[in-house]
Amino acid sequence: MTDDDRDLDGFFSEARVSARDEAVELDDRSFREHLYPLDGDELAPWRGMSYEEFTAARQGNEFLQALLRDWDALYDEPFVGITADGVVRSEVWADAASGPAAPGDPALVAAAEHLLATLPDDLRECVQYDIDAPDWRGWSNPEFVFHRNGLRLEDLDDRQVAAILGLVEASLSPDGFAQVREAMALNGYLGELTELPTIMNERSYWFSLFGTPSVDEPWGWQLFGHHVALNFVTVGGRDVIAPVFIGAEPALSDGARPPLFDDRERLALELAGSLTPEQRAEAVVFASVLDPAMPEGRLHPADERHVAGAFRDNRVVPSEGIPVSRLDAAQQALVRCIVADFHVLLRDPQREAMLARYDDHLDETWFSWYGATDGSEPVYFRIQSPVLIAELDNHAGVWLANRLPARFHVHTTLRLPNGNDYGRAWIAQWREGGGA
């Protein structure tokens, strides 16, 4: 083992954050060629553990303890929102519907009330939070448990789980719901591959309701767990789904279905491949996902390159890459298609309204890329504007043995910068307009 491949905690190694002069090239090997032996030290010690037993065993690790201390410190900060320079531009969200003039969707209220009707009093009390509760910010994406928000799906009966998923389905577009269910199914698939179904399965998720389901007042729900984290708020007739974290390891299941982000990655590679040499010189910020030119702290052992994951609600993320206004019309159309795919969870016309808001800030939108633009290497890319941070990152293995990033382990995030994650900006405007 080389110095830059030093193990950190049995799951993470230095290799994933160690600069290397050579490119990280992709090969044609299946993710199956990176499976750990089922009786090896990487998997066998956890077999048969419940999610709580696994969490207790993992939290004794020094690396993980340091990570959780960092997360706790970030969680304790008052919410500000992600910004490009530390200054919140509240005006970018200023034209949202306010007050009771724009009613909410009664179908969503009915789905939420049906869910509550399936729960006994003790579970109903556990699942409900105030709309302003800090618990919104307690989501995370690993398979170990940190914050226990609401109810764990695998601890509920089938009827209760169906009611929760019914509300999620009613809140999302058909394509968006299919993507979420596929990510959850891939988590179950990973549990099967590793023979750890009590740690990773299709119900390894926490669900909470925030506020009182109503056509008149803001309310929402949260679903989070391994590789899926969604925060949905409806306020003044407008929906917010952010922050969003969706990923998968592996992001496909033996060719039975296309990779989870197949369209998104195809569009991004088409865009990157279309760049002229002059455009590429601006857009490609780093030549490799492990480029030695990256400044200290740019790579994180857990997050790798993505900047908008769990507990990063207040991060300052300077724009980088190329202004989208300097791309030609066809390239700008590709960027917009990628943005639309990141907003796939939203129902129409909510999605079109968010895309119109993206269009309004096109002159302040940036596209950045790390890695080769021809599909030969793992990549990271980000689209960033005052109303959007959308990123995709290829990761090294956690439950698979690839020490370096590969395309079959993907993390994606979506944020609404300048204070509208969790619908905060629109809830504040709704109140200012006399809604509460």
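This short talk walks through the strands, helices and nonpolar cores of the structure shown above.

Before the details, please keep in mind that this is a predicted model, in which local features need pLDDT of at least 70 and side-chain atom pairs count only at pLDDT 80 or more, while totals for chains, interfaces and linings use all residues. Residues are numbered from 1 along each chain as its sequence is written, and side-chain values use heavy atoms, with hydrogens and water left out.

Let me begin with the nonpolar cores, where a core is a set of buried Ala, Val, Leu, Ile, Met, Phe, Trp, Tyr and Cys residues joined through side-chain atoms within 4.5 Å, and where buried means under 20% relative accessible area, exposed means over 50%, and partly exposed lies in between, using a 1.4 Å probe and protein chains only. The largest of these cores has 126 residues, and those with the most contacts inside it are Phe 207, Trp 221, Leu 223, Leu 230 and Trp 399. Helix α6, residues 174-194, gives the most to this core, with eight residues; helices here are DSSP runs of H or I with at least four residues, strands are runs of E with at least two, and both are numbered from the N terminus.

If we look at Leu 223, and leave aside residues up to four places away in sequence, its contacts (heavy atoms within 4.5 Å) include Val 180, Met 184, Phe 207 and Leu 230.

Staying with α6, we find that 16 of its 21 residues are buried. Its end C-alpha atoms are 30 Å apart, which agrees with the 30 Å that its 21 residues should span at 1.5 Å a residue, the expected span being 1.5 Å times one less than the number of residues. Just after α6, Glu 195 takes a positive phi of about 55 degrees.

Turning to helix α7, residues 262-274, which residues are buried there? They are Arg 264, Glu 265, Leu 267, Ala 268, Leu 271 and Ala 272, and because they cover an arc of only 165 degrees around the axis, they lie on the same side of α7, the arc being that of the directions from the helix axis to the C-beta atoms.

Now to the strands, which count as paired if DSSP finds at least two bridges between them. Strand β5, residues 228-235, has eight of its eight residues buried, so it is largely enclosed by the rest of the structure. On one side, strand β4, residues 219-225, runs antiparallel to β5 and is joined to it by seven bridges, with Gln 222 having Asn 231 as its bridge partner. Seven bridges also join β5 to strand β6, residues 238-248, again antiparallel, and in that hairpin, which has two residues between the strands, Gly 236 has a positive phi of about 55 degrees.

Strand β11, residues 388-395, likewise has eight of its eight residues buried. Strand β10, residues 380-385, is joined to β11 by six antiparallel bridges, and β11 pairs in the antiparallel sense with β12, residues 406-415, over seven bridges, where Asp 393 stands opposite His 411.

Finally, the structure holds zero disulfides, a disulfide being a pair of cysteine sulfur atoms within 2.5 Å.
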